[in-house]
Amino acid sequence: MNFKDRLFLFLSGTFLTALVLGNIIGTTKFVNVFGLTVPVGVLAYPFTFLATDLISELYGKARAQTLVWVGFFMNFFMLGLMTIGHFFPDASGISAGTSTFESVYRFMIGNVVASMFAYLIAQSIDVHLFHFWKKLTKGKHLWLRNNLSTTGSQLVDSTAILIILYYANNLGDSVNSLGDLIPLIYYSYLFKFFFAIFDTPLFYLSVWYLKPKIEKT
C-alpha cells in the first residue's frame, strides 16, 4: 500500500471515529470550554470537517462526498449494534454497567437521528462550498475555501441538531423554550467557528507537507 492510500485511510479513520464518538456521547454532558457551554459531543465534530476538507483538497470532491455517505451509514450500523445489545437479555450480576449502557442507548437514539440529519446536510454543504470557492478563486486562497466552507456548514449543523433535540425532548430540564435554546446554538457554533479559524494553519501545513508526497505516488 502506498503513502496516498495509507493517508486516505488515516483521514477516513479520523473522520469516522470522531463522527461516531460524537454521536455516542452527544449531549449526555454539557461542558464549559473557555466560557462557552457546549455539548461534549461537539468536541469531536470539528475534526470531521478538517478531515473532509483535507480529503477534498488532496483527493477531490467525489471521494469526500463518498466518505460523507459512508459516515452516514456507519452511524446507523453502530445504532443497529447497540439496539441488538439492548434487546438481548441481561446476564444479571456480571456487569455493573448495565444501567449505564441502557441510559446511553436511550439517549443516543435521539442524538443519532438528529445528528445524522444535520450531518448529512452540513457535510454535503461543506464539500460543495469547498469546491465552489475553489473553482471561483481558480484554486487560489486555500484559507478562504477552508474557512468559508467549514464555518458555513457548521452553522447549519449546530442549528439543525439542537433544534431537533429540543423538539425531541432530548435536552435537559432547564431548556424549556427557544429562548433557552438559542444560547446553546450560539455557543456551540462559536466553539466550532473558533476551531475552524484555529485549524487553518494546521490545514495549510498539512496540505503543504502532504500534497507533494501524494503527487509522487
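## The largest cavity

By class, six nonpolar, nine polar and two charged residues line the largest cavity. Here Ala, Val, Leu, Ile, Met, Phe, Trp, Tyr, Cys and Pro count as nonpolar, Asp, Glu, Lys and Arg as charged, and the others, Gly among them, as polar. The model is predicted: local features need pLDDT of at least 70, side-chain atom pairs count only at pLDDT 80 or more, and totals for chains, interfaces and linings use all residues. Residues are numbered from 1 along each chain as its sequence is written, and side-chain values use heavy atoms, with hydrogens and water left out.

A search of the whole structure finds one cavity of 30 Å³ or more. The volume of the largest cavity is about 130 Å³. It has 17 lining residues, and T27, P39, V42, Y45 and I161 are the closest to its centre. Two or more lining residues come from each of α1 (3–25), α4 (98–136), α5 (142–167) and α6 (178–216). The most come from α5, with five residues. Helices (H or I, at least four residues) and strands (E, at least two) are DSSP runs, numbered from the N terminus.

On a 1 Å grid over the protein atoms alone, a cavity is a set of points where a 1.4 Å probe fits but cannot get out; a pocket is an open set with protein on both sides within 12 Å along at least five of seven lines; lining residues have an atom within 4 Å of a point. Grid points are joined across faces, edges and corners, and a volume is the space filled by probe spheres set on the points.

## The largest pocket

The largest pocket holds about 160 Å³ of space. Its lining has nine nonpolar, two polar and no charged residues. Among them are L7, F10, F47, L54 and S206. At least two lining residues come from each of α1, α2 (45–59) and α6.

Which residues does I55 contact, leaving aside its neighbours within four places in sequence? They are F8, L11, S12, G60, R63, A64 and L67. Contact means heavy atoms within 4.5 Å.

T52 sits in helix α2. T52 is buried, with a relative accessible area of 1%. Beyond four places in sequence, T52 is in contact with F15, A64, V68, Q123 and D126. Buried means under 20% relative accessible area, exposed over 50%, partly exposed in between (1.4 Å probe, protein chains only).

K216 lies in helix α6 and is exposed, at 75%. F34 is in the loop between β1 (30–33) and β2 (36–39). F34 is exposed too, at 85%. F34 has a positive phi of about 50°, although it is not a glycine. Most residues other than glycine have a negative phi.

## Confidence

The mean pLDDT (the predictor's confidence in each residue, from 0 to 100) is 83 for the chain, and 100% of its residues reach 70 or more. Confidence is lowest in α5, at a mean of 78, and highest in α1, at 91.
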